[in-house]
Amino acid sequence: MTRTPVAVRRERKEPGEIFGSGFSLFADMLLVGLLTGVACLPVVTAPAAFAAASASLRRAVGDGAPVTFGGYAGALRARLSAGTLGAGLALPLLVVVLLADAAVARSALPGAGVVAPALALLALGAAVVGLRATALDAPHRLSVREGLVRSVADPRGSLLLAGAVLLTALLAWSIPLLVPLLPGPLAFAATVVELRSPHG
C-alpha cells in the first residue's frame with residue numbers, strides 16, 4: 001500500500017504570490033475545472049479529460065507543482081486512446097437509455113413509481129464508478145472494473161463521492177454560470193476519495 005506524499009504547506013508567501021500557499025490548490029482546482037470542461041466538449045474525450053484532471057491534481061498535492069496548461073495537455077495526451085474514446089462513446093448511449101427510461105417512468109404504466117428512484121440510483125452509481133475509474137493511478141488507470149471493485153470495497157468513499165455528484169448537479173441546476181468550473185471540484189473529490197481509500 002503506497003500513499004502519495006502530501007506536500008508540506010509553506011507558511012511564507014513567495015514573491016508575487018497574492019493569496020499564499022493555502023489558496024494555490026483551490027486555484028489549481030479551478031484551472032483544472034476549466035481545462036477539463038473544454039476537453040470534455042467533444043464528449044468522447046470526457047473519461048480521458050477527467051483522468052488527466054485527477055493526475056494533475058494528484059501531482060499538485062503530492063509534489064506541490066502548480067497545474068499548468070502544458071502539464072494538463074500532456075496528461076490528456078497520455079490518456080487518450082481507443083479504449084478511452086470507446087468509453088466516451090458509451091456516455092451518450094447511457095444518457096439516451098436513461099432518458100428513454102425516464103420517459104417510461106413518467107407514463108402511467110404499472111411499476112412506473114418504482115422505476116424513477118431505481119433509475120436515479122442507477123445514474124448516481126454509474127457516475128460514482130465512472131469518477132472512481134478516472135481517478136485511478138497506474139497500473140489500474142481508467143479501469144471501470146477496478147473502479148467498481150473499489151466503489152464496493154470502500155462504501156464510505158463512494159458515499160462521499162455520491163454527495164459530491166449530487167452537490168454538483170444541484171449547483172449546475174441552480175447556478176448554470178458555474179457549469180464550466182464544476183469538473184474541477186468533481187475531479188478533486190474523486191482524487192481525494194481515491195487517495196484516502198485503503199487501495200490509494
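Okay, quick definition before I start: a residue counts as buried when its relative accessible area is under 20%, and as exposed when that figure is over 50%. Keep that in mind, and also that what we're looking at is a predicted model.

Let's begin with T36. You'll find T36 in helix α1, which covers residues 21–39. So, is T36 buried or exposed? Its relative accessible area comes out at 0%, so T36 is buried. And what does T36 touch, if we skip the neighbours within four places in sequence? Contacts there are A49, F50, A53, Y72 and P183.

Now over to helix α6, residues 144–153. The buried residues in this one are E146, G147, R150 and S151. If you look down the axis of α6, those buried residues fall within an arc of 140 degrees, so they line one face of the helix. Then turn to the face pointing away from that buried side: R145 and V152 sit there, and they're exposed.

One more residue in α6, and that's V144. With a relative accessible area of 53%, V144 is over the 50% cut-off, so we call V144 exposed. Still, V144 does have contacts: leaving out residues up to four places away in sequence, V144 touches V129 and A133. And how far is V144 from T134 in space? C-alpha to C-alpha, the two are 8.3 Å apart, with a separation of 10 residues in sequence.

Conventions
Residues are numbered from 1 along each chain as its sequence is written. This is a predicted model: local features need pLDDT of at least 70, side-chain atom pairs count only at pLDDT 80 or more; totals for chains, interfaces and linings use all residues. Side-chain values use heavy atoms; hydrogens and water are left out. Buried means under 20% relative accessible area, exposed over 50%, partly exposed in between (1.4 Å probe, protein chains only). Helices (H or I, at least four residues) and strands (E, at least two) are DSSP runs, numbered from the N terminus. The arc is that of the directions from the helix axis to the C-beta atoms. Contact means heavy atoms within 4.5 Å.
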